[in-house]
Amino acid sequence: MAKAQIQPRVGGKHERLEDVNILLDIARRISGTETLDEILEELVEMTSRALDCDRCSFFLHDAGTGELYSRVAQGIRRREIRLLSNDGIIGTAFQTGRSIIVDDAYADPRFNPTIDRETGYVTKTILCAPLCTAKGDVIGVAQALNKVGGLFTEHERALLEGIAAQSIPALRSSQVIERMQKARAQELAFLDIVADITSQIDLDQLLQRVMTEATRILGAERSTLFLHDDKTKELFSRVAMGPKIGEIRFPDHAGIAGTVFTTGKTVNIPHAYADLRFNTSFDRQTGFFTRSILCTPLINKQGVTIGVTQALNKGGGPFSAEDESRLKAFTAQVAIALENAKLFDDVQKIKNYNESMLESMSNGVITLDERDTIVTCNSAGARIMRLAPSAILGQSAAKFFAGKNEWIIERIKKVQAEKLANVAVDVEIVFDDRPASVNLTVLPLESGDRKQLGTLLMIEDISTEKRVKATMARYMDPAIAARMLDNNVDAGLLGGASTRATVLFSDIRGFTTLSEEMGAQGTVAFLNEYFSLMVECIAREEGMLDKFIGDAVMAAFGLPISHDDDEDRAVRAAIAMIRECRRWTRDRIQHGQKPVEMGIGLNTDMVVSGNIGSAKRMDYTLIGDGVNLASRLESACKAYSAQILISENTFGRLRGTYRIRNIDQVVVKGKTEPVGVFEVLDHHTEESFPNLMDVVSYFNEGMRNYRAAKFTNAIAQFEKALACHPSDKLSTTYIERCHHLMSHPPVGDWNGVWVMTQK
C-alpha cells in the first residue's frame, strides 16, 4: 500500500473561503459525536451536501480481514458493505494513496459493478480520496457518486481531500474506543460463557456447548473437542447423529489432533492440504472441504494433557495468533469442568452398565445386604417369581423366602458361613401358589479386602415355558418364539399388527441360465451355499428372514423386535451381502465356476405383519405397499446398473454416514406418486470403483442440470464422471436418457420424474 500523496488545492479566493467554512463546520459537527457510526453519518450527510452529489460513503480499512467496509451509505438499505482492499476504484485509491476522478464509471475497467447489480443503483461519476494520517498512512477511502448536474472537478477533489484529512483524528479515536468496547464486551461474554459452561456436568451437553461456543468465538465453520480415553488410548468426541449422540474415536497419535495431543503443542495450519499430517479421507467421505486448522491441547491443572480442541475453516482467512490465545484461554477455563463431567460420565457409565447387565440377563438376580434385606432384583427375577418389584425390594429374606421356599434361607446361611458358592440344580420355587423349575446359585458378596457385603442369588428358569420356547425356536425365528410366549403382545403379534419396518429384497442376476447349466442337484447345492452366506449377513444385524422366493431373499428389520437404527442395520446387512457375494464369486472363479451377481432393494414403510395362512399351515410374514416398493427397487437395480438401491423413506431415516448418490425420482409400475431412489456405494473398493467421490460429485452436478432440463450441461457433467470411472454405467445411462429427451422433449413442465413401465 502506497503512502498518500495529497494534490495541491485549486480554486479562487472565494471558493477557498467557502471550503474553510465547510471544513470548520464539519470539525464542529463531528466533535459533538461519540461513536464511530455517528461520525460516519455526519460525514456522509455533510460531504454529500458540500459536493452536491447523489451519494457519499466513507470506507475504513479492517486490518483483520484485509477489507474496506462502510457502515453508512445513503440510499442503500444494507447496513454494511465490505470490499477487498484491492477491489475496484475504491481499492485502487486505497492501494495507491491517490485521489481518483472518474467521469464514466462503466467505461473505467477498474469499476466493479457488483453493488449496482445488487441494489439497482446506476453509478455514473465517481470521486475517491484516500483517508490518510499525518504520516501518510492510508486508513480508508472517501467516495462520492454521481455529481448533480455535471462532472466532479479538481476543486471538489481538493475539497474532499480536505474533508478526509479533517475527519482522520475523530475517525481514528472512535475506532480505538470501539475496539476497546468490543474487547471488553468479548471479555464479559467470555466470562459469562465460562461460568455457564463450568456449571454443566452432563458430558454430552458440555461437549456440545464447548464446541458451539468455540466455533462462535473463533468465527470458524466447525469445532470439535476430543477427550482422551486412558483405557483404550484413543481420542473421542461426542457428535449428534440424528436424535441420538454418537462417538468418533481414533488412536491418540493419529492425524493432526494426535500430533497435538502427543506433543502438547498448538498447531495452526493455514492450508490443510499442504500439510502431510492432514488426513484427507474424512473430507472425501463427508464432502466437507477443510481449508485451515487450529488445534490446541487441553491441559488440566496438573499439567496433564487430557484432550485437544480443534477448529476448522476460519471465516475470512487463516487463524491468527489472537485466535490461538483465545482458544488456549477458553480451553484452560473449561478443562476443570470437562474433567468433572468426564468423571461423572464414567461413574454413570459404570452404573448404567451394571444395571443394563442385570436387566439384560435372562436369569433372575437378587442381592441381599449385610442385614439380609433384599436390595436389588432385576426384571427377570421379578418375572420368574411372578411378583412386582415393589413386593420384593426391601423385604427381609427370612420373611420373603418362607413356607415352601424356606430351604433357600438354609442355603444362604451356609454360603455366609463358608463363604463359598452353593448350587442347587432343577429345584422348585413357589410364589403365588405357582411352582417354577429353576437352577439356583447362591454366592457371597465381598469387598476387595474380603469384607462381607451381602449375598447374591442367581435364578435360572428351566420351567416348561422355557423348554417350549426352546422347542419352538427350532422351527421358528427365536425372536418370534420369544414374543409369542409373552402374554402381553401375543395377540397383537399373531393376529396382525401395523408396524414400521425396513424390507430387504435380494435376487441373483441371470439365475435361470445358471440353474440350467448346473442341473437339479447342482442348483440345490448352489442355493444352499448362497442362502447360508446371505442369511448370516442378515442375522448379524438382527434382521428377520421372512422367506426364500426361488433364488430371492426377503427379510425385514424392525420385526418382530424393533431397534432405533433398523434402517442402518438393513443398509449394513445389504453392504455385507454384496461384499460376501463378491468374495464367494472370487472363490468360484478360482474353481472354474461362473461368477454370481446380485441386486438388493430396501424400503422403509408401515407394513402389516402377522401369522398368515390356513388352519393347517401358517407363516409369520408381512405385506403391504412398502413390501412391494422394496421388490420394485430390487428389480430396478438392473435398469440403473446398481447393486443396492434404497428409497427416500429409508435414506431419510439413516443415522450413519454412507457413500450414497441420489440417482432418480421414479414412479414405479402401479403407482402415481414419484419416490426418490438412492444408490449405496459403500460396498465398492478403489479397485471396483476408482475416484468414487469425484464421480459422485460430477454425477450430482449432472443430476441438478438434468432436473433443471439443462440436458447439454448434464451430459458434460456425466461425461466428466465417466472420465473418472469409465465403467460407471449409470452415467452412460443418463447420457443416453439426456440425448433421448433432447430429441423428444418432454411435454408440459419437466420435473425430472421418470416413469417405470416394468416391474
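1. A word on terms: two strands pair if DSSP finds at least two bridges between them, and helices (H or I, at least four residues) and strands (E, at least two) are DSSP runs numbered from the N terminus. This is a predicted model, in which local features need pLDDT of at least 70, side-chain atom pairs count only at pLDDT 80 or more, and totals for chains, interfaces and linings use all residues. Residues are numbered from 1 along each chain as its sequence is written, and side-chain values use heavy atoms, with hydrogens and water left out.

2. Six strands make an open sheet, ordered E3-E2-E1-E6-E5-E4, with antiparallel pairing. Strand E3 (81–84) and strand E4 (100–102) each have a single partner strand, so one side of each lacks a neighbour in the sheet. From one strand to the next, the twist averages 20°.

3. Within the sheet, strand E5 (residues 126–132) and strand E6 (residues 138–147) run antiparallel and are joined by seven bridges. Ala 129 stands opposite Ala 142 in E6.

4. Helix H2 (residues 36–51) packs on the sheet and touches E1, E2, E5 and E6 (contact means heavy atoms within 4.5 Å). The direction of H2 makes about 145° with that of E1 (angles run from 0 to 180 degrees between N-to-C directions, and axes are lines fitted to C-alpha atoms, for helices over the stretch in contact). Helix H3 (residues 88–96) also packs on the sheet, touching E1, E2, E3, E4, E5 and E6.

5. Elsewhere, the axes of helix H16 (residues 511–540) and helix H17 (residues 566–590) come within 9 Å and cross at roughly 150°.
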